[in-house]
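Reader: I have a structure open and want to learn to read it. Can we start with the strands?

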Number of protein chains: 2
Amino acid sequence: MKSLKKAILEKGQIVGDDILKVDMFLNQMVDIDLLNDIGEEFKKRFKNENITKIFTIEASGIGVACITAQYFSVPVLFAKKSEAKNMGKDVYCSDVYSYTKDKNYKIRVPKEFLTKDDSVLIIDDFLANGKAVQGLMDIVNQAGAKVVGAGIVIEKGFQPGGDELRAKGLKVESLAIIDSISNGKIIFR
Amino acid sequence: MKSLKKAILEKGQIVGDDILKVDMFLNQMVDIDLLNDIGEEFKKRFKNENITKIFTIEASGIGVACITAQYFSVPVLFAKKSEAKNMGKDVYCSDVYSYTKDKNYKIRVPKEFLTKDDSVLIIDDFLANGKAVQGLMDIVNQAGAKVVGAGIVIEKGFQPGGDELRAKGLKVESLAIIDSISNGKIIFR
């Protein structure tokens, strides 16, 4: 996706050999025109699928998911990361390890929000080790629903998540796959 | 706003005398058509203001902010709640007390994302005690930028946040103000 790759090259910041910061247009400041391009592209790539819900994880996935959902005319559902006081006990739950924060956290969705009749498209901003997507898939499976695929904005191709998910048969569509950010240079697949 | 009040009455759940759960269409499952109505209404209410950024706080404000930003053709900026490994030190920071979680947390925005030339519209899903909006205003003030107002989806009129902010001269536009949820009945202002 040309506009996305342009934004990554112009505004992305490389930290060390494995961190790519895209806070400037995706992760904290959000370029809504670019998000619309992204949503439209996800629609193209999953246009033949019957999708009933877009599923993501708080926080930075929510913006991409909401804009994308407009192209599919379906609701967004996001998994919450922490247990709030007013969250009921009747929830699907999964454990996710975050490499960024170096700790495990739980993600939760009330059971009433996913049924066995749902066909779910997982959307997230980043795919690196794939732990978040695996946790979301786990929750969809617990509900007896179907995952039709995962739409990812940026995949770090030098980390194993994408390949592992594809090896399991998941349709993973990443709009930009980065094979290397070594030596301050971004190399796309 | 008729469609919003309808959703609150039909899908909101009252817990005790002061908690209104709107997870079903706003806070965890997100009705994107309703969010578009909300975004359009915010545009009407702030159409005479010069706005350069929509500013919100993770997580549940992000969806409303991103959909709303489409009507203003400006980027979204959201404050992050916790310190991630790859967040720089050069940030504006404010403390916010959460009544829901009964604890203080810090919100942060990298300094490069707000300048003194910005005119900021604060958007959030809920306004109760107003601590989140006050924290966001604090950050905008630290940047020397201007807050043109706050657009709130649901204001709990029986809690003091909205009145306190208006008394300080802030233009607060709440699309639904709830004066009471006692005895299982929702009363709008």
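Author: Strands of a sheet pair through backbone hydrogen bonds, either parallel or antiparallel. Here seven strands form an open sheet with mixed pairing, in the order E3(A)-E5(B)-E4(B)-E8(B)-E9(B)-E10(B)-E11(B). The edge strands are E3 (29-30) of chain A and E11 (187-188) of chain B, each pairing on one side only. Strands (E, at least two residues) and helices (H or I, at least four) are DSSP runs, numbered from the N terminus. Two strands pair if DSSP finds at least two bridges between them.

Author: A word on the source. This is a predicted model, where local features need pLDDT of at least 70 and side-chain atom pairs count only at pLDDT 80 or more, while totals for chains, interfaces and linings use all residues. Residues are numbered from 1 along each chain as its sequence is written, chains are lettered from A and ligands numbered from 1 in the order in which they are written, and side-chain values use heavy atoms, leaving out hydrogens and water.

Reader: Which way do E4(B) and E5(B) run, and how many bridges join them?

Author: E4 (residues 53-57) of chain B and E5(B) run parallel, joined by four bridges. B:Ile54 has B:Val76 in E5(B) as its bridge partner. H3(B) packs on the sheet and touches E8 (119-127), E9 (146-156) and E10 (172-180) of chain B. Its direction makes about 115 degrees with that of E10(B). Contact means heavy atoms within 4.5 Å. Axes are lines fitted to C-alpha atoms, for helices over the stretch in contact, and angles run from 0 to 180 degrees between N-to-C directions.

Reader: What is the strand order in the sheet that ends in E3(B)?

Author: That open sheet has seven strands and mixed pairing, in the order E11(A)-E10(A)-E9(A)-E8(A)-E4(A)-E5(A)-E3(B). E11 (187-188) of chain A and E3 of chain B each have a single partner strand, so one side of each lacks a neighbour in the sheet. E5 (residues 76-79) of chain A and E3(B) run antiparallel, with two bridges. A:Leu77 has B:Met29 as its bridge partner there. E4 (residues 53-57) of chain A pairs with E5(A) in the parallel sense over four bridges. H1 (residues 2-11) of chain A lies across E9, E10 (172-180) and E11 of chain A, at about 35 degrees to E10(A).

Reader: How do I read the interface?

Author: Start with contacts. In chain B, 44 residues are in contact with 44 residues of chain A. The buried area is about 3,400 Å², and carbon and sulfur atoms give 61% of that. Buried area is the accessible area (1.4 Å probe) that two parts lose on being put together, summed over both.

Reader: Which element of chain B gives the most to the side that touches chain A?

Author: H4(B) gives the most, with six residues. By class, that side of chain B has 23 nonpolar, eleven polar and ten charged residues. Ala, Val, Leu, Ile, Met, Phe, Trp, Tyr, Cys and Pro count as nonpolar, Asp, Glu, Lys and Arg as charged, and the others, Gly among them, as polar.

Reader: And charge pairs?

Author: Side chains of opposite charge can pair when their charged atoms come close. A salt bridge puts a side-chain nitrogen of Lys or Arg within 4 Å of a carboxyl oxygen of Asp or Glu. Between chain B and chain A the count is zero. One pair is A:Glu155 with A:Arg166, their closest N and O atoms 2.7 Å apart. A:Glu155 is in E9 (residues 146-156) of chain A, and A:Arg166 is in H6 (residues 161-167) of chain A, eleven residues apart.
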